[in-house]
Amino acid sequence: MPRPRLTGLGGGLFACAAMVLVGGICWLLFGSSLFVYGLLFLPVAAATALWVRPADLITAPIGVPIAFAAGVWPISGGSGGIGGQLMGLVSALSLHAGWLYAGTLVAALIAVVRKAVLIGRRRVPRRITQ
């Protein structure tokens with residue numbers, strides 16, 4: 001896996017772009033299946049949390065739900081105008097909040113474990129070799 005190099009903004013943009021792509025693929029290939037969308041959301045959330053810089057770890061669990069909402073728009077199933085599209089988006093977000101919570105939890109757990117490892121490395125005294 002590549003080393004973590006994304007900034008907080010870069011991680012959010014990566015997640016948004018990936019989820020819009022996943023939403024388009026689900027719309028084209030799977031008939032707007034929100035199950036497939038949610039299933040593909042989990043690895044995107046994990047990748048975002050793994051690739052963000054250590055200094056920006058807190059942004060991974062914040063940016064991932066925003067990416068879920070951005071990508072669900074093509075498959076939300078709204079009809080007729082802005083109001084219909086907005087109601088379809090809100091309905092899709094509320095009915096499939098389990099995927100949203102699961103992906104956010106994955107990103108948060110990965111961020112917490114990475115931060116704990118970083119803190120643990122700082123506290124271990126280095127041996128002096130002479």
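## A walk through the model

Let's start with Gly-88: leaving out residues up to four places away in sequence, Gly-88 touches Ser-76 and Gly-78. Keep in mind as you read that this is a predicted model. Gly-88 sits in helix 4, and with a relative accessibility of 9% it counts as buried, because buried means under 20%. Its C-alpha is 8.8 Å from that of Ile-75, a residue 13 places away in sequence.

Not counting residues up to four places away in sequence, Ile-75 touches Gly-23, Cys-26, Trp-27, Ser-32, Ser-33, Leu-34 and Tyr-37. Ile-75 also belongs to the largest nonpolar core, which has 27 residues. Which residues have the most contacts inside this core? They are Met-19, Cys-26, Leu-34, Tyr-37, Val-72 and Ile-75. Helix 1, helix 2, helix 3 (60-72), helix 4 (81-95) and helix 5 each supply at least two residues of the core. Helix 2 gives the largest share, with eight residues. As a bit of background, nonpolar side chains tend to be buried together in soluble globular proteins.

Now for the rings. There are four aromatic pairs in the model. Take Phe-35 and Trp-99: their ring centres are 5.6 Å apart and their planes are at 70°, so this pair is edge-to-face. Phe-35 is in helix 2 (residues 34-51) and Trp-99 is in helix 5 (residues 97-123), so the pair links distant parts of the chain, 64 residues apart. Elsewhere, ring pairs link Tyr-37, Phe-41 and Phe-68 into a cluster. You've met Tyr-37 already, as one of the residues with the most contacts inside the core.

What about the outside? Leu-21, Ile-25, Trp-27, Leu-28, Leu-29 and Phe-30 make a nonpolar surface patch of about 680 Å². One of them, Leu-28, is in helix 1 (residues 8-29), and at 63% relative accessibility Leu-28 counts as exposed. Trp-27, another member of the patch, is among the residues that Ile-75 touches. Gly-24 is in helix 1 too, but Gly-24 is partly exposed, with a relative accessible area of 22%. Gly-24 and Ile-58 are 34 residues apart along the chain, and 28 Å separates their C-alpha atoms.

How many salt bridges does the structure hold? The count is one. Asp-56 forms a salt bridge with Arg-53, and their closest N and O atoms are 2.8 Å apart. In general, side chains of opposite charge can pair when their charged atoms come close. Is Asp-56 buried or exposed? Asp-56 is buried, with a relative accessible area of 15%, whereas Arg-53 is partly exposed at 34%. As for its place in the chain, Asp-56 lies in the loop between helix 2 and helix 3. Setting aside neighbours within four places in sequence, Asp-56 is in contact with Leu-6, Thr-7 and Gly-8.

One more stop, over in helix 5, where you'll find Val-112. At 55% relative accessibility, Val-112 counts as exposed, since exposed means over 50%. Val-112 and Leu-57 are 55 residues apart in sequence, yet their C-alpha atoms are 8.2 Å apart in space.

Here are the accessibility values from this tour, side by side.

| Residue | Relative accessibility | Class |
|---|---|---|
| Gly-88 | 9% | buried |
| Asp-56 | 15% | buried |
| Gly-24 | 22% | partly exposed |
| Arg-53 | 34% | partly exposed |
| Val-112 | 55% | exposed |
| Leu-28 | 63% | exposed |

Terms used:
Residues numbered from 1 in each chain as written. Predicted model: local features only at pLDDT ≥ 70, side-chain atom pairs only at ≥ 80, totals over all residues. Heavy atoms only, no water. Phe/Tyr/Trp six-rings, centres within 6.5 Å; stacked < 30°, edge-to-face > 60°. Helix = DSSP H or I, 4+ residues; strand = E, 2+ residues; numbered from the N terminus. Patch = residues over 30% accessible without salt bridge, like charges linked within 9 Å, V, L, I, M, F, W, Y side chains within 5 Å. Areas by Shrake-Rupley, 256 points an atom, 1.4 Å probe, with all protein chains shown as cover. Salt bridge = Lys/Arg side-chain N within 4 Å of Asp/Glu carboxyl O. Buried < 20%, exposed > 50% of the residue type's maximum accessible area, 1.4 Å probe, protein only. Core = buried A, V, L, I, M, F, W, Y, C linked by side-chain atoms within 4.5 Å. Contact = heavy atoms within 4.5 Å.
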